[in-house]
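User: Please go through this model with me. I would like to know what stands behind the terms used for it.

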Amino acid sequence: MPSIAMTVNGKAVRVDVDPSTPLLWVLRDHLQLTGTKYGCGIAQCGACTVNLDGDAVRACVTPVSRAANRHVTTIEGLSPDRSHPVQRAWLEEQVPQCGYCQSGQIMATSVLLSKIARPSDEQIHDALAGNLCRCGTYPRIRKAVHRAAELATEDGKPR
């Protein structure tokens, strides 16, 4: 079985798995990073969203071979102390209800803000359209994205 090297949350790791293994299962089962959730398994709900070299990807359908020699950031790696602007905004706006989709929503938002510092409502809609929330917290999510953009600007460092 081949060994696959990648950087996860800033740490170099190597896993011995079938290259077609979904990245989600490598993160959860091999690296014990359980913040990334399994939702639908067919890239339709976004609960498993992670950052792969600056792009939001669905870990449930991404083979780990695609992450070889690349950087993966999960919800655990966003910030060690929950100080990331998106995490702070999520808390300020009290976004989570059941919370299941939130790590995917937060990761998709962090990727959006790394590309567009001040997104419009339409840009937010487009970026997060694939992240489903069964509780319907979309108005709070949109408000939190705008607040996260403000916080990132106040911090003076886009992430």
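Predicted model: local features only at pLDDT ≥ 70, side-chain atom pairs only at ≥ 80, totals over all residues.

User: Why are H5 and H6 called roughly perpendicular to each other?

Analyst: Helix H5 (residues 121-128) and helix H6 (residues 138-155) pack at an angle of about 115 degrees, their axes 11 Å apart. Angles under 35 degrees count as roughly parallel, over 145 as roughly antiparallel, 65 to 115 as roughly perpendicular and the rest as oblique. H5 and H6 are therefore roughly perpendicular.

User: What makes H3 oblique to H6?

Analyst: The angle between H3 and H6 is about 135 degrees, with the axes 8 Å apart. That makes H3 oblique to H6.

User: Which residues of H5 and H6 meet?

Analyst: Contact means heavy atoms within 4.5 Å. Asp121, Ile124 and Leu128 in H5 meet Ile141, Arg142, Val145 and His146 in H6.

User: How many residues of each class has the contact of H5 with H6?

Analyst: Ala, Val, Leu, Ile, Met, Phe, Trp, Tyr, Cys and Pro count as nonpolar, Asp, Glu, Lys and Arg as charged, and the others, Gly among them, as polar. On that basis the contact of H5 with H6 has four nonpolar, one polar and two charged residues.

Notes
Residues numbered from 1 in each chain as written. Heavy atoms only, no water. Axes fitted to C-alpha atoms, helices over the stretch in contact; angles between N-to-C directions. Helix = DSSP H or I, 4+ residues; strand = E, 2+ residues; numbered from the N terminus.
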